[in-house]
Amino acid sequence: MDLTVLLVKGLIILVIFGITLLIATYSTYAERKVAAFLQDRLGPNRAGPFGLLQPIADAGKMFFKEDFIPAQASKWLFILGPCLAMLTALMSSAVIPFGDSIRLAWDGTNYDIPMQAIEINIGVLYIFGVVSLGVYGIMVGGWASNNKFSLLGAIRAASQNISYEIALGLSLIAILMMTGSLSLRAIVNEQATFFEWNVFTQPLGFIIFLTCAFAECNRTPFDLPECETELVGGYHTEYSSMKLGFYLFAEYINMFVSSAFISSLYFGGYHYPFMNAVHDGLTGSLGEIAGHNIATAIGTVVFFAKIFFFIFFFMWVRWTIPRFRYDQLMNLGWKSLIPLSILNVVVTGAGLLYDIKYTTWLIVVVMVVLALTSNARAPKSQAAPQRA
Amino acid sequence: MQLTNRSKQVSNKEMTMAEKMYLPSIVQGLAITIKHFFMKKPTIQYPEVKRYLGPVFRGHHVLKRDEQGRERCTACGLCAVACPAEAISMVAAERKKGEENLYREEKYAAVYEINMLRCIFCGLCEEACPKQAVYLRHDRMVPVFLERDDIVYGKDKLVERLDDRYVRMNSEVKATPTEPSLTKAAT
């Protein structure tokens, strides 16, 4: 049985690895397609039907480019940079629960193998650790390039990631307090009923987390480390060929992982409304094992639908909001998000004292009221003088 | 001058609390972009779909034949003189006995070449021609060439084929002010 568990686990790890790469590959295609559609264009549609072979063509192009290492660059660190970025990006999907469990019958007993590479009780902490390591890839690469623009980009990335990690962690603490566990599976299972999804109990925390996730992924509106208008290419200015490809790829993997992370933390992971009824119906009609496995598969599909929505959301925001200025970024991070998330923790804690889950709506209501009154009190902007 | 009603006066007044939260305007922006996501795209898929470029478009050159199928060109060289890019060259020859059904005039162009890399499709040759022999088709473009040998178009590619006669359909529109509009009968 141990061997079977090992085999199934190995299979799950391989599948997750493959799916991560596949989704990252097609995220590049989706990014271009979504960008095009949002801008009233059609996007790539020449390579294969609907341009579906475009990522393969892109990868082929990347592989055949000259792999250039600048003469003054620190050679080993220059190579290490993209490797680190890729490694940390791929590692973080290990603890995400992609589904309930696969049920196997063995010697008359049923074994449930969770749909997850590894189930550890500090999953959230693990992801945080790996994600903070991710900034090393950018730092090392930017520094090793021996280029001032690269270094500036790397420094920006480092300070931005460190700043936003604080707010990210603090907004999560409220969830950890409610669940009482650092295990991602426990957090997902806590949200079994629809109105107990953390997005409903922690609306403010969700918005803070989402904002910080954008900053952690270096996506617009927080893509200052690689902003073309100021820094040429940012930390990957000097990179070419597949090393550049690795950096870009790591970004898309990070996007996938944070989408998965957001969906499992705030949107109930593989849960969906009336899940228990579906599960009971399937096990009733198809038998204990087949029914359970099919119910798991449905949950996984739902989970991936949530992930895809968030990947789309990442792209949607990218083509909507312009980039922040660096001081605005720092102001938003330190002066707004961190105090708000601390307030969120305090209010959640006070609510838990009296066993009320929805107390953070209080902050939201207060903020909406403040916003409305401030709008009402604001001096009416003068109507633009009509020029003849 | 006011072009649209959407322009807003820029002011540096302090932002209100609602504006400082960014979220309302972000939601507004997202709504606008998602609306565009579902809009009909104005793109025309070029090689598969070709749009009508109008009756005065200047495309592929054609050396016209008259209604009896004789070449109209008399190799006077006015087109070559008029050509600002010096793309046209020709060699004249005298019509022999028995060739009256091939060439309309007593002198004709034995060689007529247009260098398509030099041509700027200005249509001055069309204007200069006294015999209404050279035209720039409105319905066909010069195709992309892949070989250097394909650049210079000789008579084999320029002279109008009898099974593919060129008519400028809209008789109302004159391609150039000097050109008498062609009708089907005039070919």
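**View 1. A:S264 is a buried residue, with a relative accessible area of 0%.** The model shown is predicted. The value of 0% falls under the 20% limit for burial, and A:S264 is therefore classed as buried. In chain A, this residue belongs to helix α10, which spans residues 241–266.

**View 2. The side chain of A:S264 has polar atoms close to two backbone oxygens, those of A:A260 and A:F261.** The distance from a polar atom of the A:S264 side chain to the backbone oxygen of A:A260 is 2.9 Å. For the backbone oxygen of A:F261, the corresponding distance is 3.2 Å.

**View 3. Contacts of A:S264 beyond its neighbours within four places in sequence include A:L184 and A:F303.** Further residues in contact with A:S264, with those neighbours again left aside, are A:I187, A:V188, A:Q191 and A:G269.

**View 4. Chain B contains 5 helices and 5 strands.** Along the sequence of chain B, these elements follow the pattern α-α-β-α-β-β-α-β-β-α.

**View 5. Chain B has 187 residues, of which 33% count as buried.** The accessible surface of this chain amounts to about 12,400 Å². Carbon and sulfur atoms account for 55% of that surface. Where contacts in chain B link residues at least 6 apart in sequence, 73% of them join residues at least 24 apart.

Conventions
Residues are numbered from 1 along each chain as its sequence is written. Chains are lettered from A and ligands numbered from 1 in the order in which they are written. This is a predicted model: local features need pLDDT of at least 70, side-chain atom pairs count only at pLDDT 80 or more; totals for chains, interfaces and linings use all residues. Side-chain values use heavy atoms; hydrogens and water are left out. Helices (H or I, at least four residues) and strands (E, at least two) are DSSP runs, numbered from the N terminus. Buried means under 20% relative accessible area, exposed over 50%, partly exposed in between (1.4 Å probe, protein chains only). A polar contact is a pair of N or O atoms within 3.5 Å; within protein, one must be able to donate a hydrogen and the other to accept it, and residues adjacent in sequence count only if both atoms are side-chain atoms. Contact means heavy atoms within 4.5 Å. Accessible areas come from the Shrake-Rupley method with a 1.4 Å probe; for residues, only the protein chains shown count as cover.
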